[in-house]
Amino acid sequence: MTESIAKEISILIKDKAFENLKSLLAGLEEMELLQAFYDLDNKEQVVAFRLLAKNVALAIFEQLDTDAQENLLHSFTDETTKEYVNEMAPDDRVKLLEELPASVAQKLIASLSPEERDSTNLLMGYAPQTAGRIMTTEFISLRRDMTVEQALEKISIQAEDKETVYTLFVTDSEKKLEGVLTLKGLLIARGLGGANKTGSTNTIATIGKTDGNTLVGNIMSKNAISVSTCTDQEEVAKTLQELDLLAVPVVDNEGRLVGIVTIDDAIDILRDEVTEDIFDQAGLAAINDNESDRSEVLINGSLWRIWKVRLPILVATLALGMVSGLVIGEFEDTLEAIAGVAIFIPVIMGMGGNIGTQSSTVFSRGVVLGHIQINKFWQPFLKEIGVGLSIGTLVGIISGVVASFWLGMPMLGLAVGLAMMITMTIATLLGFFVPYVLIKLKLDQAAGSAPIITTIKDIVALVIYFVCVSAFMEAI
């Protein structure tokens, strides 16, 4: 569904039908917009974003990942950038600022209003991946000595600028957390709800209908679950998930309420933590960071930095590739004696390349998904060799039979089949072993695996083939 919406948006942008596009965007739900947004390219995202109503645009902006946010920021004027960053929720703002270059982040922090700057600096003062770092300061707190009417009036004034109004936290005069209640509970207490009909013993429900003069302290639940500013973010997320909470309060060392973490933040955290756990299980936590940095260089880096990563590998494999020429030169007499030998050189080299690529892909995906652990590499490695040997044997038999009937030379067919089997087995071995070695040496396996595997495999394939042909030369 969202793909078709994104396609329609792309067509309207291409046709410059901006009025029609604006009408289309205005009729979409926020979630539809967000999902469709990720199916657009960078330039299309910018055009579509500028045609959104401001309140919708800000809501979408806050939910985008930092790469998409950075792309949009680059398209804004300085004033627009400052405006959007200033209006973001503090926790979302901190996530963005952490990803931006330090000079840009400092400039944006300086442009914030004093109040927003204070809340941002507060969050950035806590250790990474803690409740203090991910919490938002955009919440509504009530005093226990407030009446229900006063509490609802405060909510109506502040609701628009706060992260959530459904869960409310109660403090004393020193801002120490004392209890929690819900917006529904307040409404029931004022008499807009009804007496509890389920027989629940919940504090709110047992009050039934009261008037607006009831004190918040009398209807709150005193069993408020809270976390500390230094609590690990994964523990916070699990607390929200296991207790089915919409928000959990964050308190400092003295028990003062300083922020809240909401369920949407918890979902993001759990998703990121699962990914991190997969890399940890595979022994690749540090590799994950390195691969991210290398990918950034290879995609967005300068030409010189890309050269530094990719060119040395290619030059090295070029030198090794020359060895292939030397191998062919050494067996020139064999080629002159039996012209049919040359026919099968590209076939054997190609099949070795195919299975080697398959094998390296299986290895890379297995590592990323946690199915292959680097510290337990040899077990899947030996199994892959067995797979390569079985497939190589089957393909070798087929190619040997074809070669025998094609040229009418059974012994040449035997040489082709044997060379094919050995080459494919070795290529499978290389497909697992080369990226493993590069990872252990902390080198870029994405840029290095394929060229190294291909070059070594080509040399080995030629040597094996010509040795097999030479061994059966007299019979051929």
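Predicted model: local features only at pLDDT ≥ 70, side-chain atom pairs only at ≥ 80, totals over all residues.
User: Which residues is Phe49 in contact with, leaving aside its neighbours within four places in sequence?
Analyst: Once the neighbours within four places in sequence are left aside, the residues in contact with Phe49 are Phe37, Ala57, Phe61, Leu72, Phe76 and Tyr84.

User: Which strands are the edge strands of the open sheet?
Analyst: The open sheet has 3 strands in the order S1-S2-S3, with mixed pairing. An edge strand pairs on one side only, and this holds for strand S1 (141-143) and strand S3 (177-182).

User: In S3, what is the bridge partner of Phe169?
Analyst: Strand S2, which covers residues 167-171, pairs with S3 in the antiparallel sense over 5 bridges. Within S3, the bridge partner of Phe169 is Val180.

User: What angle does the direction of helix H13 make with that of S3?
Analyst: Helix H13, residues 183-190, packs on the sheet and touches S1, S2 and S3. Its direction and that of S3 make an angle of about 75°.

User: Is the pair of Phe363 and Phe377 stacked or edge-to-face?
Analyst: A search of the whole structure finds 14 aromatic pairs. For Phe363 and Phe377 the ring centres are 6.1 Å apart and the planes stand at 85°, and planes over 60 degrees apart count as edge-to-face. Phe363 lies in helix H21 (residues 345-368) and Phe377 in the loop between H21 and helix H22 (378-407), so the pair ties together parts that are 14 residues apart in sequence. The arrangement of this pair is therefore edge-to-face.

User: At what angle do the ring planes of Phe377 and Phe381 lie?
Analyst: Phe377 is buried, as is Phe381, and ring pairs link both of them into a cluster that also includes Trp378 and Tyr436. The ring centres of Phe377 and Phe381 are 5.1 Å apart and the pair is stacked, because their planes lie at 25°.

Conventions: Residues numbered from 1 in each chain as written. Heavy atoms only, no water. Contact = heavy atoms within 4.5 Å. Pairing = 2+ DSSP bridges. Helix = DSSP H or I, 4+ residues; strand = E, 2+ residues; numbered from the N terminus. Axes fitted to C-alpha atoms, helices over the stretch in contact; angles between N-to-C directions. Phe/Tyr/Trp six-rings, centres within 6.5 Å; stacked < 30°, edge-to-face > 60°. Buried < 20%, exposed > 50% of the residue type's maximum accessible area, 1.4 Å probe, protein only.
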